[in-house]
Amino acid sequence: MNSFTVRMARWSALHPWRAIIGWLVFVVLCVGIGSAVGLNSAKTADYRVGEAGRAEAMAAEGQLERRSTEQVMISARSGAGLDGGAAEASAKAAAADLTARMERLPEVESVADPLLSKDGRILMVEVAVKGEERDAKDKVDALVAQTEAVQKANPALLLEETGSPSISKGVDKQRGEDLALSEAITLPVTLITLLIVFGSVTMAGVPLLLALSSIAAAVGLSMVVSHLSPDTGVGTNIILMIGLAVGVDYTLFYLKREREERARSGGRLSSEALVELAAATSGRAVVVSGMAVVVSTATLFLAADVIFTSLATGTIVVVLVAVLSSLTVLPALLVKLGKRAERKARRRAEHGKPARRIRGEGGGRVWAALLRPATRHPVATLCVSVLAMLALAAPLGGLKITEMSRDTHSREIPAMQVYDRLNEAFPEQRVTHDIVVRADAARSGEVTASLEELAQLADEDPLFTGESRVRTSDETSDGRRISVLELDVPHLGNSDEAYDSLDHLRDEYVPATVGRIAGAESGVSGDVARYADYPAHQNSKLPLVLGALLLVTFAMTLYAFRSVVLGLLGVVLNLLSAAAALGLLVLVFQGSWAEGLLNFDSTGSIGSRVPLFLFVILFGLSMDYQVFVVSRIREAVLAGVPTRQAVFDGIRSSAGVVTSAAVVMMTVFVSFVFLHIIELKQIGFVLAAAVLLDAFIIRILILPAVMLLLGEASWWPSRGVRRQAVSERQEAAKSAVADVR
């Protein structure tokens, strides 16, 4: 009773108002400081990986980096062509007016000459935006305003604008609306779940309020941390998702234990003492669980990828804040609420009214029935459950991982609808490959000749189309020149043909041309190259990340329970639930049968970030249940209960709160299935499935069956549990003898 968690709880219990006010000050300071320093967003250079990233860095060195572009399509509202008469003259005049307006904008780098579609119906004006590719979406409003002005001046024409900046802005807007919808779904369901658990509006509101305040503090802190690790735009999403899930869960574990101790004490213990008891048990479990999530998530830093780094940073920050709230302000709130309940109980007693029943331990008939298969037939239960999980994991053999490209965005975004019409009208403009070469300035002629030879090879290849373009930089400080050859491909960026064209360049044309120049460096970049190189980079880091993840999971379990057996068991069970959840994901999202049910268009693949993110987050979150459930079993063993009975009692008493926590967490994750962004939809689905399987199959069937079969061997090689249990039984026996005398 002198551990760190107990000392923190004791101080908060004795100084509740200081703890509550201190927490509010902390939240306000986090939000205030975060707003003051602002968010540091990741730059284009932060995303560079593989050959594409290396080529982009070379192009940037010569100030030849790719610029974000907007395309404005001009057509006759009647649907007639622009290849003659008044419509053509009107469209050309509108294009000239638009070009002049755009060129006057400080946000615009250049405006290309108008291009007429092959069917003569659409005139297209392409505008290059100045500055960082990632910052272009913040500048697009000025361009849209000029397009709208020209539209207003030409009511007989239809002007439509699309491009990477306007699509990114549309995605951000849709993401914001989706998150608002997610909150509208999650918060009421969470509150209803907590009302069922506690039967009190006040007690149900505590976990929700603490989770929301933790999220607010974490968002502010993440802005500060972004100046060390740049944010990629997903930080707030992950803070909301993970923060609400673990924030409610941690508070729920603590609250439920305090209620159990209050019911058990029958009014004999003060609120301060009850809080200390909860801190010594569930409080410790919360800290260990939180640290497990933090350490597991930290393995994402090994992926050396800015998006995973941003995901890891947001998760770590919000989990640490949630743990801090459970250590500081939660004990203070419990004492204040407990004293209020005590005053009400005294008033009821003074008026001769019966005391209200406090909902204490779980462990009713429902959980006894659910545990019956594992307790009566552990071998059969284990075999059937494992086979069922392996069956769910079977579709994993057909897993296809791809980078989710711009073409996978929701068509409810207006800019995406225009984008589709642009690709239809100008198929030759769909994809551009950039072949970047850096060589000594003295070899400029040789480089140019080789690039022309490469362009000739591409011109004879049906996968390429259009005119090639070569740009060359001035001589750099180290006496080199950068050259970029642009080649167009008439296929969408996520198509097999686009990937084939990239393979032709990298495997055949580049080595046969510029690859033969002595001392020259070359590489192929562009959207398709990015889509290909990112999964390849991730796959190269996968063994390192997974190896570290398995190691830290084992180490955290070993630290918590001093048991090698439980450490290995935790790793195996986590792998089993993750594999089953991924199998379900493949079954649902790589096919088309669930498109109408879940409102998505199947890409026939899984987002490249989803599997690794699932493994890391699931391994951390499953420690919540593992630590909480096994801690209850260990408590029973230390109290002298045989391991077999302790398994039954521990799981039965914790099943209610674990299920409630799982329902809350599932609700949060399921709400992300309603989002439009396909990768977030997949993440929400797979995490919800994983939590469902972990809480109901792993913890209710497989874990008790295994521990019942292992018996005392579950604690190997630690003898501490058995020695302490024997010691406590001896002390109890001595006390009983003394009482008899």
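In the predicted model, the lining of the second largest cavity comprises 4 charged, 3 nonpolar and 1 polar residues. The largest cavity holds about 60 Å³ of space. Its lining has another composition by class, with 7 polar, 2 nonpolar and 1 charged residues. The residues concerned are Leu-39, Ser-222, Ser-226, Ser-229, Pro-230, Asp-231, Gly-235, Ser-310, Thr-313 and Gly-314. Helix 10, spanning residues 306–327, makes the greatest contribution to this lining, with 3 residues. In total, 5 cavities of 30 Å³ or more were counted.

Charged side chains were also examined for pairing. Side chains of opposite charge can pair when their charged atoms come close. The count for the model is 37 salt bridges. One of these joins Glu-51 to Arg-506, with 3.3 Å between the closest N and O atoms. The two partners belong to distant parts of the chain, 455 residues apart, with Glu-51 in helix 3 (residues 50–61) and Arg-506 in helix 16 (residues 496–512). Glu-51 counts as partly exposed because its relative accessibility is 25%, whereas Arg-506, at 18% relative accessibility, counts as buried, the cut-off for burial being under 20%.

The salt bridge between Arg-67 and Glu-65 has a closest N to O distance of 3.8 Å. Arg-67 is partly exposed, with a relative accessible area of 26%, and Glu-65 is likewise partly exposed, at 25%. Beyond these individual pairs, a network of salt bridges connects Glu-61, Arg-438, Asp-440, Arg-480 and Glu-521.

Helix 21, covering residues 643–671, was considered separately. This helix consists of 29 residues and extends 39 Å from its first C-alpha to its last, close to the 42 Å expected at 1.5 Å a residue. A bend of about 45° occurs in helix 21 at Ala-655. Helix 21 is mostly covered, 23 of its 29 residues being buried.

Methods
Residues numbered from 1 in each chain as written. Predicted model: local features only at pLDDT ≥ 70, side-chain atom pairs only at ≥ 80, totals over all residues. Heavy atoms only, no water. 1 Å grid on protein atoms, 1.4 Å probe; cavity = no way out; pocket = protein on both sides within 12 Å on 5 of 7 lines; lining within 4 Å. Points joined across faces, edges and corners; volume = space filled by probe spheres on them. Helix = DSSP H or I, 4+ residues; strand = E, 2+ residues; numbered from the N terminus. Nonpolar A, V, L, I, M, F, W, Y, C, P; charged D, E, K, R; others polar. Expected span 1.5 Å × (residues − 1). Bend = angle between axes of the 7 residues up to and from the residue. Buried < 20%, exposed > 50% of the residue type's maximum accessible area, 1.4 Å probe, protein only. Salt bridge = Lys/Arg side-chain N within 4 Å of Asp/Glu carboxyl O.
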